[in-house]
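Thanks for making time, everyone. I'd like to walk you through some side chains and strands, so let me put the structure up.

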Amino acid sequence: PWSLDGNGNITGAVTVSGTIALTGDMTVTGDIVVTGDGRVKVGNLTLDPSSNGGSLKFGGGPEVYASGTTLALYSGALNGGHVELAPGSAKVSGGGTRWMEITSTNIKLVGLPTRTRANANNAVVGTVWTDGSNLYQVVP
């Protein structure tokens, strides 16, 4: 084994292979390029270029990823909430089958609970009605 002790400089192109352990603070001037599947781990945080087009995964399951032109934030829980931002739209879901999508031309509410017309103050069937706390789709 060899050692490099004390102050010094290494200049020129250098290749180091094998398992490397660095101890102490480090300052890098310039870019760090990670090739291959090269994930970067910092504690429970993982930057993974091979997952969903590139993702940032947090301990416990939450994840931010960019795939194509979409940026998404997921809670990590089964059927958990998520937010997706795509060109021309934003989608928010509280998990499950209910979600909302906003575009430049409309707002779409999917999976609204329903109320019969008789229980919605005789509102027009097919419209959205509120009881002051929640939104409902009016049905016959």
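Start with Lys-91: its charged end sits over the ring of Trp-99, 4.4 Å from the ring centre. Keep in mind that this is a predicted model, so everything I quote is computed from it.

Leaving aside residues up to four places away in sequence, His-82 touches Leu-73, Tyr-74, Lys-91, Val-92 and Ser-93. His-82 itself lies in strand β6, residues 82-86. Is His-82 buried or exposed? It comes out at 17% relative accessibility, and the cut-off for buried is under 20%, so it counts as buried.

Tyr-74, from that contact list, takes us to the rings. How many aromatic pairs are there? The count is two. One is Tyr-65 with Tyr-74: the ring centres are 5.6 Å apart and the planes sit at 5 degrees, so we call that pair stacked. Tyr-65 is buried, with a relative accessible area of 14%, whereas Tyr-74 is partly exposed at 25%. The other is Trp-129 with Tyr-136, where the centres are 6.1 Å apart and the planes are at 40 degrees, so that pair is tilted. Trp-129 counts as buried at 19% relative accessibility, and Tyr-136 is buried too, at 10%.

The charged end of Arg-115 sits over the Tyr-136 ring, 4.4 Å from its centre.

Okay, on to the strands. As a reminder, strands in a sheet pair through backbone hydrogen bonds, parallel or antiparallel. Here, three strands make an open sheet in the order β10-β12-β11, with mixed pairing. At the edges are β10, 114-116, and β11, 128-130, each pairing on one side only. From one strand to the next, the twist averages 50 degrees. β11 and β12, which covers residues 135-139, run antiparallel and are joined by three bridges.

Last stop: β8 and β9. They form a hairpin, with three residues between them. β8 is residues 99-103, β9 is 107-110, and they pair in the antiparallel sense over four bridges. Which residue in β9 stands opposite Ile-102? That's Ile-107.

That's my tour, so over to you for questions.

Methods: Residues numbered from 1 in each chain as written. Predicted model: local features only at pLDDT ≥ 70, side-chain atom pairs only at ≥ 80, totals over all residues. Heavy atoms only, no water. Pairing = 2+ DSSP bridges. Helix = DSSP H or I, 4+ residues; strand = E, 2+ residues; numbered from the N terminus. Axes fitted to C-alpha atoms, helices over the stretch in contact; angles between N-to-C directions. Buried < 20%, exposed > 50% of the residue type's maximum accessible area, 1.4 Å probe, protein only. Contact = heavy atoms within 4.5 Å. Phe/Tyr/Trp six-rings, centres within 6.5 Å; stacked < 30°, edge-to-face > 60°. Lys NZ or Arg CZ within 6 Å of the ring centre and 35° of its normal.
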